[in-house]
Amino acid sequence: MTALHATGATLVLAIETSCDETAASVVAGGREVRSSVVSSQVDLHARFGGVVPEIAGRAHLERIVPVVTEALEQAGIDLPGGNGVDGGGGEGAPAGIRAVAATVGPGLAGALLVGVSFAKSLALCWDVPFVGVNHLEGHLYASLLEEPDLPLPATVLLVSGGHTLLVAMEGPGSYEVLGGTVDDAAGEAFDKVARYLGLGYPGGPGIERAAASGDPAAIALPRPMLAEGLDLSFSGLKTAVVQHVTKHPEVATPDVAASFQQAAVDVLVHKTLRAAERRGARSVCLAGGVAANGPLRAQLGAACRDRGLACFLPSREMCTDNAAMIGAAAWFRLAADGPTPLSAGADASLRFPARR
Ligand code: KG4
Ligand code: ZN
């Protein structure tokens with residue numbers, strides 16, 4: 001950490017463009033969020049029922065300059081020479097900026113490239129290090145940003161549109177994957193079931209809204225792999241929903257949504273608690289877009305209370321994709337590994353970082 005503080009500069013400008021949110025943030029010392037700007041493209045993709053990679057890449061290109069400029073302005077950072085981030089250059093970094101970070105994967109290749117190229121260009125112009133951040137590692141920092149005194153070790157359930165992982169976190173940079181999905185991600189299952197039921201995109205919020213007036217016990221759905229280890233499976237659950245609705249077309253959509261949501265939440269809560277118990281975790285956290293789900297938050301919170309485990313549920317803004325979590329992860333990555341070479345590219349299928 002000494003090398004990081006040697007310059008006195010503690011601010012990281014972080015950029016996130018891995019999927020359909022263009023985001024930028026300024027984070028001080030890996031802990032304090034000075035600004036966090038997120039421009040969601042959800043409206044652009046909704047009519048296609050999912051993210052269209054070409055549209056995402058183009059929208060990131062259009063939005064990156066205004067989003068980064070706003071993040072710098074909100075953090076009270078004056079740009080050298082009064083130029084925006086799209087003008088001038090070569091005048092050194094704005095005061096306090098120690099590094100420029102970007103998500104390098106996993107995600108959509110074209111989308112990632114926009115943020116990575118932009119961050120590298122700024123790092124080069126400002127003569128500061130570039131730091132490439134793994135998006136999944138970034139999600140883990142959401143809890144640490146909002147709860148710096150999180151009791152460790154923690155068990156983190158990371159549930160997003162593309163990933164479902166149970167991770168043991170000893171501290172910044174020290175994690176181990178305990179389990180994951182063997183087929184669909186949890187968010188993917190919400191999205192696919194929502195699409196089948198005509199509940200729109202993204203599917204999670206649509207399912208949650210419809211489920212609010214449904215009966216979670218209306219349909220007996222499977223709890224896949226409940227008794228088996230720490231891996232999870234969602235594709236059989238999705239198929240069971242389709243089979244039930246095909247056989248019983250008269251069934252009320254809110255009842256289907258509520259029954260599906262309850263089956264998914266049961267499995268997620270059960271596996272998370274099993275992981276926490278096995279690892280002797282002192283706390284449990286949620287991360288990723290599905291962590292915005294109300295019943296998941298309520299039922300995981302209640303189950304942790306029953307067992308005397310601390311449970312931390314990040315705000316909904318911090319659960320979904322944002323650049324503050326990338327800025328926090330970058331600070332610790334820079335301390336541990338140093339700068340990322342500018343020759344390193346984006347990696348659409350980057351895996352979760354191995355145990356250190
Ligand atoms: O982390 P995220 O914003 O983007 C990815 O990295 O994937 O997660 C998006 C996922 C989508 O699948 C979306 O349907 C799901 O999170 N999601 C929810 C809710 N809000 C978003 N799933 C269940 N309930 C919600 N309220
Ligand atoms: Zn994400």
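Predicted model: local features only at pLDDT ≥ 70, side-chain atom pairs only at ≥ 80, totals over all residues.
Local features need pLDDT of at least 70 and side-chain atom pairs pLDDT 80 or more, while totals for chains, interfaces and linings use all residues. Residues are numbered from 1 along each chain, chains are lettered from A and ligands numbered from 1 as written, and side-chain values use heavy atoms, leaving out hydrogens and water.

Start with the zinc ion (ligand 2), held by His135 (NE2), His139 (NE2) and Asp321 (OD) at 2.1 to 2.2 Å. Donors here are N, O and S atoms within 2.8 Å of the metal (3.2 Å for Na, K and Ca), and sites may look incomplete because water is not among the atoms. In sequence, the spacing reads H-x3-H-x181-D. His139 sits in helix H5 (residues 135–146) and Asp321 in the loop between helix H11 (316–319) and H12, 182 residues apart. Both His139 and Asp321 are buried, meaning under 20% relative accessible area with a 1.4 Å probe and protein chains only.

Next comes helix H12 (residues 324–337); helices are DSSP runs of H or I with at least four residues, and strands are runs of E with at least two. Of its 14 residues, 11 are buried, including Trp331 and Phe332.

Strand S9 (residues 283–287) runs parallel to S10 over three bridges, and Cys285 stands opposite Phe312 in S10.

Conventions:
Pairing = 2+ DSSP bridges. Expected span 1.5 Å × (residues − 1). Buried < 20%, exposed > 50% of the residue type's maximum accessible area, 1.4 Å probe, protein only.
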